[in-house]
Amino acid sequence: MKKMKRRHLLAFAKISLGIIFSIGIFGPLLLNENSLIPYDASTIDVRAMNYKAPALSGLHLLGTDAVGRDILAGCVYGVRNAFVFSIISVSFTLIIGLFLGILSGFYYDNGVKLKASWLFSFIIGILCFFLMTYVSLPTGLEIATKTDYGLSILLSLMVSFALMTLSYLLFNILLKKSKVKVNVDLWINRFMESLDAIPSLFILITTLALIDANFILTAIVLGALMWVGVARICRAEIMKIKAESYIESAEALGLSNFSIIKNHILPNISRPILIQLIFIFSNCILIESTLNFIGIGTSIAEISWGSMLAEAGQNLHAWWLLVFPGIFIFLSIYSLRVLASELDSITQDTPL
Amino acid sequence: MMLRLILKRFLIFIPSAFLTLSLCFWLGQDALVEHYISNIESKNAERSNDDFLIQQFEKAYHLNLPLYYFDLDNQNYGNLELQGQYPYWERVIKNLLYKSADPSKVTEFIEFIHNSEMDISTKEIVKSLKPIKLENNSAYNLTNSALIDWYNTTLTSHQIHLSNYLFKFRWNGTNNQFHRWISQLIQGDLGRSIHSQNLINDKLFTALLNTLKISILSLILIFSLGLSLAYLVFKYQDSKIAMVLDQFMYLIYAIPNFWLASILILLFTTPQFLNWFPAFGFGEINETSLLNSTIETLPYLILPTICLSYGALAMVYAHALDAFKSESEKQYVLTARSKGLSLYQILNHHIFKNAVFPIISLVSGIFLFVISGSFIVEHIFAIPGIGKLTIDSILMRDYPVLYALILLFSVGAFSGYLLSDLLYYFFDPRLKAQK
C-alpha cells in the first residue's frame, strides 16, 4: 500500500490548480456557440429544460438546471468569476496592507518624521478634495452619472492641489520648517484591532445592502477588509529584519529609508507575504461563492458556483447541481491552502 | 485588576460603537427614505390612506427631522435652480416618465414643483404626487431612445454654478433622528421593524435564544472535541491513525459550509439515502421550559451544529497541536523527562497548562467564526435565529432591525474579547501577581 507522502500531496495540489487555471483561461474558448460543446454559460437549451441528468451520450455532459443552462459551462465560466474577483481583492489587499504594514513596521520605534507644514497642507488638500467631490456636488449618496461629473472631479482636484500648495507656503512661513513625529504604529495597530473585532462577512453583507454595489466595488470592499493579515505579518517580519546588522550598516553607509526598504526589506518579506496572500486568495474564493449563494453577490456572467449551489439547495433531487460546482470550489480552495502551507514549511525548514 | 481590565475595554468600546452606529444610521436612513418613496409611488390605488400612513411612518421614524447632529451639505441645498440637479425629484421624475411614457405629464409635474413652495422633506414629496395619477399598466419604456434623449436634454442642466462647490455646515443640536434613536435605545426600546410592525425587542430576544441553542452546543463541541483530538494525536504521534486524522482535519477546513450543509441535507434527510434527521426549522415545540424544549428539538439541532462547528474544530485542533509541539521542545520538558516522568505525566501536568494560551487567543476568533457561520447555516436550515434574521432583513431592506443587529454583533465581539481577556487573567498566574 502506497503511503501518501507530502510531496505527493503537493504535486496533487499543483496539478489541480494548473487544471483549474487552464480551464479558466481556455475553457470559454472551447465552450462557444461554434465549437465542440456548443453551450455558453447563458445559452438556454429549450430541449433540455427542467433538470436533465448528466448523460455521456447527449451533449450536456454534466446536466442542466431548471432553465436549461449547461452545468459544465457554468462551472467553467464560474472559474473566471471566482478568480477575477479574488485577484482584484488580493491586489487591493496587497496595496493597502503592504503600505500600512511597512509604515508601521519600519517606523515602529519613533514614528515618521515629517515636515509639519507638509503634513498640515496634505490634510487640508485631502479634506478639500473629499468635501468638494462627495459633499458639495452630490447630495446624499446618489452620485449623479452625468457628463459633467468627471469635469467636476478634475476641478475639485485642481482646487485642492492649489489650496495645498498655498497652505504649504503659508505654513512654511509660519512654522519655519519644524519637524513633527507621527506615531503611525500606534494608530495603525488600533485600526487593525478595531477592524478585527467585527466579522468581515457581516460588514461585507451590510455594506452591500446599504450601497448598491457592482462586481468590482464588492471586490474592492473585500480587499479593504482583509488587509489586516498582510499588515500584521509585514510588521512582524520587518521588526525582525530591522534588528539585523546589515540594515544598520546600510543606514551607516547613508542609504535613504526608501532604498533600504526597496533593496533589503521587500525581498526578505516577500515570501511570508506571498504565503499569506495565497491564503487570502482562497478565502476570497470562498466568500465570493458565499455571497452568490445568499443572493447578494454580483457576477460577471449570470451564473456562478454559488448560485448553482443555491439552486441545488431548493431542488435536492438534482444532485449534479450540488456536486460538480462544489468539487470545483473545494479543489481550488484546498489546493491553494496546501500550496500555502507547503511554502510555509519550506521557509521554516531552511536555516537563515 | 479585573475591574480595570473590564473598564478599559468598555471605555474603548463605547466610542467605536457610537461611530459604527452613526455610520450605519447615515447609510441606512438614506436608503430607507429612497425605499419608502419608491414604495409609496408604486401604491397608486387609494390616495385616501396616504395621510394616515405617512403620519404613522413619520411618527415611528421621525423622517421630517434632520439626520444627524450636524449637516454638511451643498451651499444650494434646496434651491433647485442653482443646484442644477434634483436630489429626490430625479427618481420621482424618472419613475413617472417610465411608467406613464408621456412627456407632458412630466412637464406638468415639474411646473408643479417649481410653482409650489418647496421644503425638501418627504411629506412634501409625497403630497406633491397626489394630483397626478399614475397609470396602472404602463410598461417600463426603457428602450424608447427618444424619451431618454428628451429626458437627458431637457431635465439635466449642463452648467454647474460655481456656488455649488462651497459647502455649508449646520449644527442641528439634539433635534435629529439619530439622537432620538439613540435615546430610545439607551432606555431599552429598539423600535419597530418596517416589514411587520412588531417590536424589535421581542424579535431579537427569541431569535437570540434560538441561535444560542446552536451556538452553545457547537462551542462545547468545538473545544471539547478539538482539544481532545489534539491531545490524542500528540500522544500517539507516529501512528498511522494520527497522520490520517491530521490530513482529514486539514481537508475539512477547506470545505465551504453551505456545500457541506446541502450535502448533509441530501444524505441524511431525504428518503433517497438515509432519513435520520429532520431537515428544516425547529418543528413543533410542545414543552414550555427552556431545557425541555431544547431536548425536544435536539434532532433538529444536530446537523446545523455540525455545519457550524467543523471549520472552527479544524482551527482549534491545528493551533492546539502546534502549541503542544512547540511546548514539548522546551527545556523544562527535557528536564522532566530526565527526571524520569513519563510523557503522559508531562502532558497532563506541564504541557497542557502552558499550551492553553494560544488557544485562549483563539476564543474571540471562534466567537466571530460561529457568528458569521450562523448566517449561512441558519439560512439553509431555516432556523429562526439571528443569522436568518440578518439575511432576511437585508434582503427585505428592513433597516431598524439591521441597526439593532449591528449593535448586537459589536456587543458580541466585544464580549468575546472580554472573555478571552478574563480567561487569560484566570489562567496566567503572572497577571494576577502584577498587582
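Hi everyone, let me begin with a residue: B:Asp428 is buried, at 9% relative accessibility. Buried here means under 20% relative accessible area, exposed is over 50%, and partly exposed falls in between, with a 1.4 Å probe and protein chains only. The partner of B:Asp428 is B:Arg430, and their closest N and O atoms sit 3.0 Å apart in a salt bridge. That term stands for a side-chain nitrogen of Lys or Arg within 4 Å of a carboxyl oxygen of Asp or Glu. B:Arg430, by contrast, is exposed at 60%.

A quick word on conventions. This is a predicted model, in which local features need pLDDT of at least 70 and side-chain atom pairs count only at pLDDT 80 or more, while totals for chains, interfaces and linings use all residues. Residues are numbered from 1 along each chain as its sequence is written, chains are lettered from A and ligands numbered from 1 in the order in which they are written, and side-chain values use heavy atoms, with hydrogens and water left out.

B:Glu327 is buried at 9%, and B:Lys330 is partly exposed at 42%. Another links B:Lys388 to B:Asp392 at 3.3 Å. Where do B:Lys388 and B:Asp392 lie? Both are in helix α17 of chain B (residues 386-395), four residues apart, about one turn of the helix. Helices are DSSP runs of H or I with at least four residues, strands are runs of E with at least two, and both are numbered from the N terminus. B:Lys388 is partly exposed at 23%, as is B:Asp392 at 27%.

Let's step back along chain B to helix α16, residues 356-381. It has a kink of about 35 degrees centred on B:Val363; the bend at a residue is the angle between axes fitted to the seven residues ending there and the seven starting there. How many residues of α16(B) are buried? The count is 20 of its 26. Just after this helix comes B:Ala382, with a positive phi of about 55 degrees, although it is not a glycine. B:Ala382 sits in the loop between α16 and α17 and is partly exposed at 30%. B:Arg397 also has a positive phi, near 55 degrees; its loop runs between α17 and α18 (399-427), and B:Arg397 is partly exposed at 27%.

Now over to chain A, which has 12 helices and two strands. Of its 352 residues, 47% count as buried.

Its surface has two patches to show you. Patches are made of residues with over 30% relative accessible area and no salt bridge; like charges are joined within 9 Å, and nonpolar side chains (Val, Leu, Ile, Met, Phe, Trp, Tyr) within 5 Å. Areas come from the Shrake-Rupley method with a 1.4 Å probe, and for residues only the protein chains shown count as cover.

The nonpolar patch has about 550 Å² of accessible area together, and its members include A:Phe120, A:Leu127 and A:Leu170. Helices α3 (116-136) and α4 (149-175) each supply at least two of its residues, and A:Leu127 belongs to α3.

The other patch is positive: A:Lys113, A:Lys177, A:Lys179 and A:Lys181. Lys and Arg count as positive and Asp and Glu as negative, with His and the chain ends not counted; each charge is placed at NZ of Lys, CZ of Arg, CG of Asp or CD of Glu. A:Lys113 is in strand β1, residues 112-115, and is exposed at 57%.
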